[in-house]
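Biologist: I am new to this structure and would like to learn how to read its features one at a time. Could we begin with the protein surface beside the DNA?

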2 protein chains.
Amino acid sequence: MAITLKEVAERAGVSRSAVSRTFTDGASVSDKMRRKVEKAASDLGYSPNALASSLTTGRTKLIGLVSNNFHNPIFLEVFDLFTRGLQDRGLRPLLVNLTDEINPENSVRMLRQYSVDGVVVASSTLPPNFAKAFRDAGVPVVHSFGRASSSPQVHVVGIDNTECGRMAARTLVERGYNHVGFMGGPQDATSTQDRYTGFMSEMSAHPKVKVSYSFAEAYSFDAGRREMLRLLRAAPAEAYFCGDDVLSIGALSAVDDSDLSCPNDVGIIGLNDMEMAKWENINLTTIHQPIRQIVTSSIELMVTMLDEPDRYPETRIFPCSVVERGTLRAQAN
Amino acid sequence: MAITLKEVAERAGVSRSAVSRTFTDGASVSDKMRRKVEKAASDLGYSPNALASSLTTGRTKLIGLVSNNFHNPIFLEVFDLFTRGLQDRGLRPLLVNLTDEINPENSVRMLRQYSVDGVVVASSTLPPNFAKAFRDAGVPVVHSFGRASSSPQVHVVGIDNTECGRMAARTLVERGYNHVGFMGGPQDATSTQDRYTGFMSEMSAHPKVKVSYSFAEAYSFDAGRREMLRLLRAAPAEAYFCGDDVLSIGALSAVDDSDLSCPNDVGIIGLNDMEMAKWENINLTTIHQPIRQIVTSSIELMVTMLDEPDRYPETRIFPCSVVERGTLRAQAN
DNA sequence: TGTCATTTTGCAACCGGTTGCAAAATATGT
DNA sequence: ACATATTTTGCAACCGGTTGCAAAATGACA
């Protein structure tokens, strides 16, 4: 068993409170005392039990990191950034995988049992009631990559997916395509819905351009490939806005396999600008999502909420921009 | 603040022990009592504080999930499998990102402060002393994807990287290549070293075949691409065993860009069989690493160690096999 | 050196649970 | 209905810390 505060106190010949105070910053301890205690502690190899102290302080420094995106490579980067960012601030990510969870109940209970200080929901596909459920349990919540103001009471950090849809549409129109397509991700993901809305709203300003749309079954390579193969069989559009980069890459492979080429026969623009998008054998034109900034901001927000749990909920939106690569034909004129 | 056991006891008009026992399975409680308590608990929305109970039971059900591989897409799958597998057994993964950690000290201290019940080190690149450090702190450890018997005292679950190196060499020789190359990952990764050793040892049995070798700086697309571009500039080998699939895909892109083609001009075989390897626009011949089995077995081992902390350390090795796709020329004969 | 303000220290109660033990309640057998 | 075996329950101590409060020690000043 591990060394306890009591043993350190005995060895140092002081009270338990003295030891506790030595390891609590801001507490009043004389230099002499501190030296005695630190000596004894290091002799014994003592390190305080964070969970025991959480009982009285009410803080565990545990943050639930909740996600259901374990198949999109971009989320590996998200996890990397979150874990490091949290660690740097002395917080510990308790990872929760929500894949095929229908309702938030179980996770909420679990995270409450572990008295997490806060929850970060990192997902662009979870319905808003998940984040809401944590909030209702009285835990500070930040929904990263979530739908803007999807739910009052919950802080959201992410992008404006509707605007991204518009931006994609605008880009395709500018390039002079006369028939454009929206090839979305799963239809029940909030991000898909918003991108669709934005795309269509922008296109309605360009009645001369033909528009069609469809949805892939998941944000995955296979789904993108399958859907694009299907589209290419009938009368395809000249260019597509694909739900995200993984879908785009799947679509690219379908184009290649159909003895067509990008951007000559079909144009494609993705969304995310994942690392792979710039690989030379992919070279995907896409809309850049500032992941690093979103994660950093989410963590900052979380940290301030720890001191201010009832902070008025805000939505932080980061602008996106088109990254020009090789899958869309050059600007018209 | 959350509802406590005491409040439930008061509302149900019973002792605190009764409430505690109702929520502890295996404890002796009459049906009548149980009903009373459960009623009160659900009225109040009580759920027991896992950390408080850990204080007396000595178990937190927290498992440290330690890794430094946050750039290799294959690890997203690893995290997915680990988190779900652990959750299914009522265990909670506390994620630790060791990227650019030089020594294990900090993480060991942190994980001890949180009294994790065990630690899974999931990395093919961490030096063995990391896993060892956790073990020395008296915490049950499983090193997944680690070097076989790299360190006594530590359980290892993974593949035989040396054998994989041999297998790759054997495969290339069988295909009739007369000059083969080893293009490894970072030279300080144990997996790289072992694959190298195996590759060379097998090749030494084929003195007529010319062998060369070099190392990329990281297990990443860019590094693989850069290294292959460099190799192609001088007299390249006819086929390469690349350190892993990500490196291979980088190498493929270099081959494409040099107006060469795979497998006609250069053969490539990777290792891992990550999901991307079977994407039609990549179609990489590679050695399959049974990730799912490794993770499952690691978790099983971890679970048994929770009851048997001093279990004699074992090494579990899973066989790999070549997956035939399109980047190596067909069998000779 | 004595008085008073300030800092340091220890006591004891508490955080939210668990558990050994003995008393109370219930079940069993005659 | 009684004696005895078995189960259920509550008491109280404990897990490893923290913290308000008052006493003890130290410092400041005359």
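Modeller: In this predicted model, the element that gives the largest share of the surface near DNA strand C is helix H4 of chain B, with 5 residues. In total, 28 residues surround DNA strand C, and the closest are A:Ala18, A:Met33, B:Leu5, B:Ser17 and B:Ser20. Two or more residues each are given by helix H2 (16-22), helix H3 (31-44) and helix H4 (50-57) of chain A, together with helix H2 (16-22) and helix H4 (50-57) of chain B.

Biologist: How many residues of the surface near DNA strand C are nonpolar, polar and charged?

Modeller: That surface divides into 11 nonpolar, 13 polar and 4 charged residues.

Biologist: How should I read the contact between the two protein chains?

Modeller: As a general idea, the size of an interface is often given as the accessible area lost when the parts come together. Here we can count residues instead, and 39 residues of chain B are in contact with 39 residues of chain A. On the side of chain B that touches chain A, at least two residues each come from H4, helix H5 (74-88), strand S2 (92-97), helix H6 (105-113), helix H10 (221-233) and H11, and the largest share, 7 residues, comes from H5(B). By class, this side of chain B has 18 nonpolar, 12 polar and 9 charged residues.

Biologist: Which rotation superposes chain B on chain A?

Modeller: A rotation of 180°, with 0.0 Å of shift along its axis, superposes chain B on chain A with an RMSD of 0.1 Å, and that is the relation of a two-fold axis. In chain B, the C-alpha nearest the axis belongs to B:Leu94, which lies 2.3 Å from it. Because 100% of the interface residues of chain B are also interface residues in chain A, the copies meet through the same surface.

Biologist: What is the strand order of the open sheet of 6 strands in chain B?

Modeller: The order is S7-S6-S8-S9-S10-S12, with mixed pairing, and the edge strands, S7 (210-215) and S12 (321-323) of chain B, each pair on one side only. From one strand to the next, the twist averages 25°. Strand S10 (residues 286-288) of chain B pairs with S12(B) in the antiparallel sense over 3 bridges, and B:Ile287 has B:Val322 in S12(B) as its bridge partner.

Biologist: Which helix packs on that sheet?

Modeller: Helix H11 (residues 245-257) of chain B does, touching strands S6 (179-184), S8 (239-242), S9 (267-272) and S10 of chain B, and its direction makes about 155° with that of S9(B).

Conventions: Residues numbered from 1 in each chain as written. Chains lettered and ligands numbered in written order. Predicted model: local features only at pLDDT ≥ 70, side-chain atom pairs only at ≥ 80, totals over all residues. Pairing = 2+ DSSP bridges. Helix = DSSP H or I, 4+ residues; strand = E, 2+ residues; numbered from the N terminus. Axes fitted to C-alpha atoms, helices over the stretch in contact; angles between N-to-C directions. Contact = placed C-beta atoms within 7 Å. Near = placed C-beta within 6 Å. Nonpolar A, V, L, I, M, F, W, Y, C, P; charged D, E, K, R; others polar. Least-squares fit on C-alpha atoms with pLDDT ≥ 70 in both.
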